[in-house]
Amino acid sequence: MIAIIDYDMGNLRSVAKAFEKVGADAAPTRDPSVIADSSHVVLPGVGAFKDCMRNLEEYGLVKPIIRAIEAGKPFLGICLGLQLLFDESEEFGPHRGLGVIKGRVVRFPEGRGLKVPHMGWNEAKKRKDSRLLADIEDSSYFYFVHSYYAVPDDPSVTLTSTGYGVEFTSSVEKDNVMACQFHPEKSQRTGLRVLKNFSSLR
């Protein structure tokens with residue numbers, strides 16, 4: 001089963017229904033034993049970085065997440081779930097993240113004639129091969145909603161990049177940890193392919 005971390009900050013229903021559409025057994029949970037017994041773990045996120053980290057800590061979910069990653073389970077962060085994997089965010093901050101991937105989360109620069117948040121469809125350019133993106137064409141379009149983006153210390157973790165005033169990391173992969181700034185559950189057929197690919201990982 002795929003455990004979708006429930007910490008009152010994610011669009012759990014739409015993520016669960018998207019996995020259901022691709023034939024995967026996925027359910028929201030905040031039970032550490034269910035997370036430990038799961039085959040895959042998903043960390044979605046909507047809202048402010050500080051609030052999300054606070055909820056993860058208050059629900060006692062930080063250790064189960066780290067244990068799942070250390071156990072080698074396929075792990076997927078979505079939107080803010082990607083940002084939480086980094087060391088810190090400057091959103092109303094600085095605030096410390098999970099520290100799974102070295103780097104920080106910064107706001108889109110002002111004054112470039114672009115609206116913030118970055119909202120809508122944009123292309124993701126592949127920077128390396130990955131089973132997460134199997135059968136997905138380079139520069140495919142995905143749906144984004146965010147005002148901040150991650151800057152990894154190690155560029156080799158960047159799976160795709162996207163241009164919006166700056167060229168930013170729009171998905172990452174490090175060992176069994178994958179994450180995307182875009183919302184695959186809102187990205188129609190291509191996004192569903194990402195979730196199907198993830199659910200097939202072993």
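**A chat about rings, a helix and a strand**

Q: Where does the charged end of Arg30 sit?
A: The charged end of Arg30 sits over the ring of Tyr59, 4.0 Å from its centre, where "over a ring" requires NZ of Lys or CZ of Arg within 6 Å of the ring centre and within 35 degrees of the ring normal.

Q: What kind of model is this?
A: This is a predicted model, in which local features need pLDDT of at least 70 and side-chain atom pairs count only at pLDDT 80 or more, while totals for chains, interfaces and linings use all residues. Residues are numbered from 1 along each chain as its sequence is written, and side-chain values use heavy atoms, with hydrogens and water left out.

Q: How many aromatic pairs does a search of the whole structure find?
A: The search finds 9, counting rings of Phe, Tyr and Trp (its six-membered ring) whose centres lie within 6.5 Å, with planes under 30 degrees apart called stacked, over 60 edge-to-face and the rest tilted. The ring centres of Phe142 and Phe182 are 4.0 Å apart and their planes are at 20°, so this pair is stacked.

Q: Where are those two in the chain?
A: Phe142 is in strand E9 (residues 140-146) and Phe182 in the loop between E13 and helix H6 (188-200), 40 residues apart; helices (H or I, at least four residues) and strands (E, at least two) are DSSP runs numbered from the N terminus.

Q: Are Phe142 and Phe182 buried or exposed?
A: Both are buried, meaning under 20% relative accessible area, whereas exposed means over 50% and partly exposed lies in between (1.4 Å probe, protein chains only).

Q: What about Phe144 and Phe168?
A: Their ring centres are 6.0 Å apart with planes at 85°, so the pair is edge-to-face. Phe144 and Phe168 also belong to one aromatic cluster, together with Phe108, Phe142, Tyr149, Tyr164 and Phe182.

Q: New topic: which residues of helix H3 are buried?
A: In H3 (residues 49-58), the buried ones are Phe49, Cys52, Met53, Asn55 and Leu56. They cover an arc of only 160° around the axis, which puts them on the same side of H3, the arc being that of the directions from the helix axis to the C-beta atoms.

Q: And which exposed residues are on the face turned away?
A: That face of H3 carries the exposed residues Glu57 and Glu58.

Q: Last one: how do strands E3 and E4 run?
A: E3 (residues 40-43) and E4 run parallel and are joined by 3 bridges, and two strands pair if DSSP finds at least two bridges between them. The bridge partner of Leu43 in E4 is Gly77.
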